[in-house]
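The entries below follow the order in which I looked things up.

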Amino acid sequence: MNTGTTGVRGVAHRARDTTRWDIQGLRAFAVLAVVFYHLWPSALRGGFVGVDVFFVISGFLITGLLLREQLATGTIRLGRFWSRRAKRLLPAAFLTIVATGAAVLAAVPSALWEQYGRELIASTVYLQNWELAANSVDYLASADDPSPFQHFWSLSVEEQFYIVLPLLLIGVAVLVRKRISPLATARLLLGSVVVLSLVWSIVQTHTDPGVAYFSTGTRAWEFALGGLAATVHLPEVRTEVARRVRLVLTSAGAVALVLSLVVIGPGTPFPGIAALLPVAGATLVVLFGARTVFESVGELAPVAFVGRISYALYLWHWPLVVILPIMLGRPLDWATSTAVLLVAVGLATVTTLWFEEPVRFSTWLRDLRPRGVVALGVICTFTVVTLGASTLTAVYVQDVRAASVTKQLTTEHQDDDESCFGAAARISAPEPCVDPTLADVRVPAPASAEDDDANRAACWHGTFTTCVLGKATGWKKHLIVIGDSHSNALLGAYEKIADDNGWRIDLAGVGGCYLTTAQQNAVNAGSMRGCNAWKHAAIDYVRAHRDADALIVTHSATQMPVSLPAGTARDTATRNGLVDAWEQAAGDELPVIAIRDNPVPRPDVIACVSKMSGPTNASCDRPRSEALGQTDSSLEAVRAFTAAGGRAAAIDLSDYYCTATTCPAVVGGVLVYRDTTHITATWAMSLEPFLERDLKKQLQALAR
């Protein structure tokens, strides 16, 4: 008991002596690493580890604060602790969110409002890390552009740490009933978190890296290790040997931090085992840096000032990094990146000196009781969330209007052969169909394009499962459709074809995986194993249903390419994998119909279209040679499969997407793409009559 008491008092005494200038310097290092990485990623490949340094600092300072209170009072006053955290963090955070939200409404295309609105709300309530983690495992949402609120993920993790840590310390203290000192229980608790969280971080970084990067569970050990450092009592430095030992250990930590900027990069599996380098380095500095030369470095005016404004600089720099290129219409270069740095430092200085600190140290806020802080926080949170909700409301209004226009147009032309809506515009025909009333129509609305998707859960499984479209019994024809998300993008069209003709269509889809025996490059080993299992099951299913009328296959020509055997060209490897899978699944009994993949639009197609006003123009179109530049090996596979004795045919709908020279973003009043690679459900439905015609033609030609 006495040992524990002395230890915590030592920590408390050291913390009260002076400002820890070595930690202030560490803050400056961390924020500059992050900022420089975001502005010049090729020059500072590992700068993102600055976030991990902040986690260690928070763990060290907050754990020390809580332990000192627990020792002095026997408990932790949660209301007082959380209100102090709110006073410190919320004013600057809310100011940044509000200013950024206003900039989004003023300068960002409406196509991005839904995503940005969701993330604004998630950031305000400190759940941004889970919003990003959820999107990282959503095959379709993973293509989301970085938002100006994305950096709030790390602040969300910190806030969750501030909530959970004191509850755990109190809970453990209640369980042990004072049989063990607060210091010993903290060490046991934090040590367990370090071990369990680090192991989980290593495992999940390997199996699910997208979630691992943002997850609180995989980051908790970084806070806990900093917290463990706060439980260590270091004796007073009385000899030259002791000073040298401290300096050597602190220097080792500093070297580890510098090395992490060099040896860790965007391609490094992270956090996982790699995070040990910056986290251990930061822990050594916070543990041994006091009363070393590193305090003198941190006390230097420029370093101390950057440490002082580090929180505000972190908040302001990222919105500028995201929004300025959107406004300029081009990526940041060295000149604009330098300008962003200067503006961010200016904003951080002004808001720290004239807003954050005056508010934080104001008499009225300092004297405000925890209940008052809670009430004020709820009011401010509600106000800021309302801003995010306004963007979602605006998107909803656009969506309703677009849906109304779509319904009206499709109803008017349902049985009209002269309809020019969508693919019916026949833009490659010698005499395209032109309807002047569609000149300024763009449906679905760009802001809601990503939701214009007919796919559904029953037809979309990581474990191979088929859904039935059309007639489950008494069908006239039986088709099997297997592919990735580009295949399922046509689901609405397949369903209408099945319903109109009395057919049965068994459809199965999964993200990024299709019917091939070639090994595909997956984001991680778990995805690769799941894809391989799905393909094996798909082949078995088709083999068991060779009495069907045809197997329909479609897949993305650009996503998850196949691995290349030595000396094999990618196109050849892709073609061979398709042919081999068709031979195993269909043999010479079941006809195969391959549908060529849709053209690839320009990367900013949705944002580009959302900027249009008045009649649709060609500013967002892409040259046909580029949009169809990626070879679709399905067409070559059809020829090879036929040459080997199988029955196969190809359907190429490219001329409905493209003229002889360009592939427009909007055709016949319909927005063709819902993101950078997938077509909208509205466009797919406009393709349906032409897909149905070609299917019937090929089925007749392939029939025995």
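Before the first entry I noted that a crossing is left-handed if the near helix is turned anticlockwise from the far one by less than a right angle, and right-handed if clockwise. The model is a predicted one, in which local features need pLDDT of at least 70 and side-chain atom pairs count only at pLDDT 80 or more, while totals for chains, interfaces and linings use all residues. Residues are numbered from 1 along each chain as its sequence is written, and side-chain values use heavy atoms, with hydrogens and water left out.

**Entry 1: H3 and H7**

I looked up the crossing of H3 and H7 and found it right-handed. Helices here are DSSP runs (H or I, at least four residues), numbered from the N terminus. Helix H3 covers residues 50-73 and helix H7 residues 152-176; they pack at an angle of about 30 degrees, with their axes 11 Å apart. H3 is therefore roughly parallel to H7, a term for angles under 35 degrees, with over 145 counting as roughly antiparallel. Axes are lines fitted to C-alpha atoms over the stretch in contact, and angles run from 0 to 180 degrees between N-to-C directions.

I then listed the contacts (heavy atoms within 4.5 Å). Phe54, Phe55 and Ile62 are among the H3 residues that meet H7, whose own residues there include Trp153, Phe161 and Leu165. By class, this contact of H3 with H7 has 14 nonpolar, five polar and one charged residues. Ala, Val, Leu, Ile, Met, Phe, Trp, Tyr, Cys and Pro count as nonpolar, Asp, Glu, Lys and Arg as charged, and the others, Gly among them, as polar.

**Entry 2: H11 and H12**

The axes of helix H11 (residues 240-263) and helix H12 (residues 276-288) come within 8 Å and cross at roughly 150 degrees. H11 and H12 are therefore roughly antiparallel to each other. Their crossing is left-handed. Leu257 of H11 and Ala282 and Val285 of H12 are among the residues making the contact.

**Entry 3: the cores**

I next looked up nonpolar cores, which are sets of buried Ala, Val, Leu, Ile, Met, Phe, Trp, Tyr and Cys residues joined through side-chain atoms within 4.5 Å. Buried means under 20% relative accessible area (1.4 Å probe, protein chains only). The largest core has 95 residues, and Leu26 and Val286 are among those with the most contacts inside it. Helix H15 (residues 310-328) gives this core its largest share, 11 residues.

Which residues does leucine 26 contact, leaving aside its neighbours within four places in sequence? I found Val53, Ile57, Leu257, Ala282, Val285 and Val286. Apart from this core lies another, of 62 residues, including Leu479 and Leu628.

How values were computed. Buried < 20%, exposed > 50% of the residue type's maximum accessible area, 1.4 Å probe, protein only. Helix = DSSP H or I, 4+ residues; strand = E, 2+ residues; numbered from the N terminus. Parallel < 35°, antiparallel > 145°, perpendicular 65-115°, else oblique.
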